[in-house]
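Dear colleague,

Please read them with the model open beside you.

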Amino acid sequence: MPLDTKMPILVVDDYQTMVKIVRGMLEQLGFEDVDSASDGHEALARMREKKYGLVISDWNMEPMNGLDLLRQVRAGSQNDVRFIMLTAESKTDHVIAARRAGVDNYIVKPFNAKTLHSKIQAALAA
């Protein structure tokens, strides 16, 4: 299934280098409409202004982490948005908590554009 490269994507990470890396990979994959936020609160504010097709969020952020952001998104008006969680930890309890909260997919760092592509495809097909 070809990806909708016009779909707006929001990348959420408090580490700006990671935002640049993910943005670069998304551009490599042909995505044109990529915004970013540095934490969960900023992400929610952006989501009130714009309808996103996909949110790619880091797990470990302050003051609102990725899991709290996911829970807020699922409880809000954009609860149908596809959500991919990024984390450096592949702890089983993290994966289970994210699944329970409604995550569409999960990526463990480090990863490459091919992995990102397949995870996006799987999340959109869900």
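At what angle do helix H2 (residues 40–49) and helix H3 (residues 66–75) pack, and how far apart are their axes? Before the answer, a word on the source: this is a predicted model, in which local features need pLDDT of at least 70 and side-chain atom pairs count only at pLDDT 80 or more, while totals for chains, interfaces and linings use all residues. Residues are numbered from 1 along each chain as its sequence is written, and side-chain values use heavy atoms, with hydrogens and water left out.

H2 and H3 pack at an angle of about 25°, and their axes lie 9 Å apart (axes are lines fitted to C-alpha atoms, for helices over the stretch in contact, and angles run from 0 to 180 degrees between N-to-C directions; helices are DSSP runs of H or I with at least four residues, strands are runs of E with at least two, and both are numbered from the N terminus). That angle makes H2 roughly parallel to H3, given that angles under 35 degrees count as roughly parallel, over 145 as roughly antiparallel, 65 to 115 as roughly perpendicular and the rest as oblique. In this pair, Gly40, Ala43, Leu44 and Met47 of H2 meet Leu69, Gln72 and Val73 of H3, where contact means heavy atoms within 4.5 Å. The residues of this contact divide into five nonpolar, two polar and no charged (Ala, Val, Leu, Ile, Met, Phe, Trp, Tyr, Cys and Pro count as nonpolar, Asp, Glu, Lys and Arg as charged, and the others, Gly among them, as polar).

The buried residues of H2 are Gly40, Ala43, Leu44 and Met47, buried meaning under 20% relative accessible area, exposed over 50% and partly exposed in between, with a 1.4 Å probe and protein chains only. These residues cover an arc of only 100° around the axis, which puts them on the same side of H2; the arc is that of the directions from the helix axis to the C-beta atoms. On the other side of H2, Arg48 and Glu49 are exposed, whereas the cover over its buried residues includes S1, S2, S3 and H3.

In H3 the buried residues are Gly66, Leu67, Leu69, Leu70 and Val73. Seen down the axis of H3, they fall within an arc of 155°, so they line one face of the helix, and they pack against strand S1 (9–12), H2, strand S3 (54–58), S4 and H4.

Helix H4 (residues 92–101) has His94, Ala97, Ala98 and Ala101 as its buried residues. Viewed down the axis of H4, these fall within an arc of 95° and so line one face of the helix, packing against H3, strand S4 (82–87) and strand S5 (105–108). Thr92 and Arg100 are exposed on the other side of H4, and the helix is followed by Gly102, whose phi is positive, near 105°.

A further pair is formed by helix H1 (residues 16–28) and helix H5 (residues 113–125), which pack at an angle of about 75° with their axes 10 Å apart. That makes H1 roughly perpendicular to H5. Val22, Met25, Leu26 and Gln28 of H1 and Ala113, Leu116 and Ile120 of H5 make the contact, and its residues divide into six nonpolar, one polar and no charged.
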